[in-house]
Amino acid sequence: MSTVITDAEERMKKSLASLKDGFSAIRTGRASAALFDKIRVDYYGEKSPLSQVANISIPEARLVVIQPWDKALIGEIEKAIRSSELSLNPSNDGKVIRISIPPLTDERRGELVKLAKNQAEQSRVALRNIRRDGNEELKSLQKKGELTEDGEKQTEAELQKLTDNYIARINQTLAEKEKEITEN
């Protein structure tokens with residue numbers, strides 16, 4: 001049943017996208033606008049994403065410059081960055097906020113690699129759960145007589161191949177992130 005495979009693949013794509021999104025929030029010692037994706041700023045009583053109230057630029061490898069569209073937000077932006085889990089120390093000159101990204105210690109690099117591996121394992125578990133759900137649906141279809149036993153076995157094999165493909169993609173994404181974290 002191709003709908004089982006299609007549904008499983010859609011869910012696996014979402015799982016991989018979620019992992020990549022999670023990885024973008026892991027600080028690597030290199031400046032990146034993605035570091036600030038989860039930061040929310042109090043903008044006239046509303047919590048707004050930083051990217052919607054300011055321009056974020058990366059002029060150098062270890063420097064982030066944030067230019068708010070409304071100068072009155074500088075204090076709020078600075079407060080939001082200080083209170084985030086990024087452990088960054090912003091400074092402002094009244095017009096822009098500058099953030100120097102300090103190099104990571106070896107201990108912190110180890111913690112970040114461990115965090116990335118944990119996120120990747122959670123994604124692999126999610127893929128296996130998707131495969132299990134697909135296999136259960138195939139068994140149900142076979143019991144109802146909507147699928148032959150051979151058809152079930154063939155589709156299970158396709159589902160396993162799809163799962164292996166996405167697990168390989170997760171492993172590749174993890175390897176790239178580990179390399180990024182451990183680079184100086």
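What follows is a list of stops, with a word on what is there at each one.

Before we start: this is a predicted model, where local features need pLDDT of at least 70, side-chain atom pairs count only at pLDDT 80 or more, and totals for chains, interfaces and linings use all residues. Residues are numbered from 1 along each chain as its sequence is written, and side-chain values use heavy atoms, with hydrogens and water left out.

**Stop 1: the sheet**

Select residues 54-60, which make up strand S3, and then 63-68, which make up strand S4. Strands here are DSSP runs of E with at least two residues, while helices are runs of H or I with at least four, and both are numbered from the N terminus. S3 and S4 pair in the antiparallel sense over five bridges; two strands count as paired if DSSP finds at least two bridges between them. Through two residues, a hairpin joins S3 to S4. Click on Glu60 and you'll find it opposite Leu63 in S4.

Next comes S5, which pairs with S6 in the antiparallel sense over two bridges, with Asn92 opposite Ile97.

Put together, the four strands form an open sheet, ordered S3-S4-S6-S5, with antiparallel pairing. At its edges are S3 and S5 (91-92), each pairing on one side only. As background, strands of a sheet pair through backbone hydrogen bonds, either parallel or antiparallel.

Is S4 buried or exposed? Five of its six residues are buried, so S4 is largely enclosed by the rest of the structure. Buried means under 20% relative accessible area, exposed means over 50%, and partly exposed is in between (1.4 Å probe, protein chains only).

**Stop 2: a loop**

Move on to Tyr44, in the loop between strand S1 (40-43) and strand S2 (46-49). Tyr44 is exposed, with a relative accessible area of 65%. Check its backbone too: phi is near 50°, a positive value in a residue other than glycine.

**Stop 3: a helix**

Finally, select residues 149-182 to bring up helix H4, and pick out Thr173 within it. Thr173 is buried, with a relative accessible area of 12%. Which residues touch Thr173, leaving aside its neighbours within four places in sequence? Show Leu16, Lys20 and Phe23: Thr173 is in contact with these, contact meaning heavy atoms within 4.5 Å.
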